[in-house]
Structures are given as C-alpha cells and as structure tokens.
Amino acid sequence: MVAGTFDITMNRSLIFRRLLFIVGHLLFLAQPLLVSQARQDWVTLKGPDGDFTLQMPAAPSKETKVTPQRYFTGQTISIYSSNAGEGYSFTVSYKDLPVRAASVNRQLLLEEYERGLLIDAWSVVGREKLTDGGWQYQAVTPLQIGSLTSPPKACLWARVYFRGARMYTLAVMSRDPNRPLGDAQRFFSSLRFLKAPPASPIPRKRALTAGEMAAARGALRALRRLAAAEEVAPDYDDYGRLLLDVKGEVDDHLSDLGPGEVRDEIELALEAYTDLRVAWNTTKGLLAVPAALYQPQRTLIAKYGIPVNTQGDVPLMDFRGAISAIFKVAREHIERACALLSR
C-alpha cells in the first residue's frame, strides 16, 4: 500500500516537472514575440503648450528651426520626429503666424505649403479636405513634371490643421511607395487637440524720441528711391549701384533708431531689396540657371512666394514673378513702418 502510494506520488511529481518544463519552454519561445510586441508599443507625445497629444512609434527627437516660408518668415518651427525602421519616419511640426500676418487667408497658407513641397522635390498627387477640418496630401518623389515621369521612389502622406494662428503638420515619409498605410493611419487618427494654442505675443510698442522719428523718416525716404526702381526698371548694374547707395543711407539712419517694430519693418524692406539683387543675379551668366530646387532660389521662393515655372523638365524660378513678388513684399514693409510712425 505504501509502495503504491509512493509510485503514484513519483508519477505525479514527474508529470508536474514535465509540465513546468513545457511551460518554461513555451515562455522561452514566446519571449522574442513579447519583446517584439513591447518594441512596437507607441509613445504619447504631448505638445509643450498642452494643446495636443499624438501617438508616435518611438520617443521622438526635437528640433527647432527658423523658417523662411512666406507669411511665417522668421518664425520658429518646432519639429518632433520618430523613425520606425530604415526609410520610414513620422513627423509632427507646428509654427505660428506673426501678429501682422494672423489674418492671412488659410488658403494662401496651403498654397505656400504646396510650394514648399515642390521645392523639396515632391509632386503633390492627392489633396483632400477632411471632415475634421484638416487637409490631407499625398506626394511622391522624384518630381513628375514635363517629360519626366519616373516611377516614384518615395511617398509622403501629410495632414495640415489650423487652430488660431498656429499651423500643425503631420507627415509620414516612406522610401517604399507601396508600403501599407496601417501605421500612417494609426498615427494620423491618434491626434487629439486638447485646447487652443497660446496666442502669438503682441510686440510691445515703444514711443520713439524726436531723433528716432527723424531717423525713421530719413530711412523711409531712402527706401522709396528703391521702391521707385520698380517703375523705372533699371538694368542690373544700375540697380546694384542704387542699392549700395541706399543701403549706406539706411544704415546711417538705423544707427540713430533703437530696436522696435519700426526698425524691424525698415530692416525687412531693405533685406527684400537686397534679396531682389540676389534673385536677379541667378539669371546672369550661362551657368546660372535659376533651377527652383537649388539655393538661393529655394529660399527666395519660400520667402517671397515667387512663382515656379514647371512647364519644362526642370522647375525654374520665374524671374519676372520674382521681381514683382519681392517689390510687393518690400512695399508692404514700408507701408507698415509708415503706419506705425503715424500712430
């Protein structure tokens, strides 16, 4: 009786040990799967202003840049990027309109966004207004223009949203244009807006002294000589000499003008007239083809909204359009400076 009981106990112990071995073996086999699943856990990004949350495939890296893009020129753009394998990236960025441009029509901002895609060598192949108020884009590279219709080597999916004076852009880029959209859809659909973004800070107005008022008016008189060049249409060399003379005068006046909105507008007007000479210079010489994808054309196009000619095999900066666009921006800065002085 005791021996029989001992045998049963031994058998049960053996069965238990075998079960432990099987369970342990299965857990060992499942470990890579569990680790893989853990690696696939996405992280939640909360905007530093608490205005949005978003799911990303890995902890994102942050980068800030000063954008040259028209309407946002000189503003900081905040960028959060996360990779999910080689050649597969997720990005969310946002930037704020300056106070003077806060009332710009959002359609114009979308046009400038598409222009930015073009000068980054993307061809927009899809554009759709979403029911949540955003805009969705699909773009491919290389550019599909003229007689160049190469098979896409990469694909970009993007969504653009406006809240207040802030523009949010979500983008997924893949070097494989045929990649399934599952992760991209998960990324886009995870966006949650929690509250309105903070308002752009209003520049503090500073009363100018009599000397500063005189200096500002002197600088504006000099700048109007450059503004008149739009009607006179001087040649390149004559414009260069005029620019050099006016710049010297404006710099002298600015030495008597302290920091503030008026000085900013005068400096931006002078910068525009200087950029006009740079744009003009790209068309001089047989080797200076104003290709839109190269510098300085890329920055000028983004900064002033210069038209791009895509009729040929290479997109070109429209020089005549550049003259008109840059003169217009310079004139706007002069008018704002005059308005500030008259208050």
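Analyst: **A loop and its surroundings**

Ala121 counts as partly exposed because its relative accessibility is 22% (buried is under 20% relative accessible area, exposed over 50%, partly exposed in between, with a 1.4 Å probe and protein chains only). The model is predicted, so local features need pLDDT of at least 70 and side-chain atom pairs pLDDT 80 or more, while totals for chains, interfaces and linings use all residues. Residues are numbered from 1 along each chain as its sequence is written, and side-chain values use heavy atoms, without hydrogens and water.

Ala121 sits in the loop that runs between α2 (106–119) and β6 (helices are DSSP runs of H or I with at least four residues, strands runs of E with at least two, numbered from the N terminus). The phi of Ala121 is near 75°, a positive value in a residue that is not glycine. Most residues other than glycine have a negative phi, and most peptide bonds are trans.

Strand β6 (residues 123–129) pairs with strand β7 (residues 135–141) in the antiparallel sense, over six bridges (two strands pair if DSSP finds at least two bridges between them). Within this pairing, Val124 has Ala139 of β7 opposite to it. Five residues lie between the two strands of this hairpin, and Gly133 has a positive phi near 95° there.

The peptide bond from Thr141 to Pro142 is cis, with omega near 10°. Pro142 belongs to the loop between β7 and β8 (154–163).

Further along the chain, both kinds of feature occur again. Ala233 has a positive phi near 55°, although Ala233 is a residue other than glycine. Its place is the loop between α4 (210–232) and α5 (236–254). Ala233 counts as exposed because its relative accessibility is 58%. The peptide bond from Gln295 to Pro296 is cis, with omega near 5°, and Pro296 is found in the loop between α6 (261–281) and α7 (297–304).

Next, the aromatic rings. The count comes to 14 aromatic pairs (rings of Phe, Tyr and the six-membered ring of Trp pair if their centres lie within 6.5 Å; planes under 30 degrees apart are stacked, over 60 edge-to-face, the rest tilted). One of these pairs is Tyr88 with Phe90, edge-to-face at 5.0 Å centre to centre and 70° between the planes. Tyr88 is buried because its relative accessible area is 3%, and Phe90 counts as buried because its relative accessibility is 0%. Tyr94 and Tyr168 form a tilted pair, with 6.2 Å centre to centre and 45° between the planes. This second pair links distant parts of the chain: Tyr94 is in strand β5 (residues 88–96) and Tyr168 in strand β9 (residues 166–174), 74 residues apart. Tyr94 and Tyr168 are both buried. Ring pairs also join Trp42, Tyr88, Phe90, Phe187 and Phe188 into a cluster.

Three strands in the order β1-β2-β10 make up an open sheet with antiparallel pairing. Its edge strands, β1 (43–46) and β10 (192–193), each pair on one side only. Strand β2 (residues 52–56) is joined to β10 by two bridges, and the two run antiparallel. Phe52 stands opposite Phe193 of β10.

As for sulfur links, the structure holds zero disulfides (a disulfide is a pair of cysteine sulfur atoms within 2.5 Å). Cys155 counts as buried because its relative accessibility is 1%, whereas Cys338 is partly exposed because its value is 26%.
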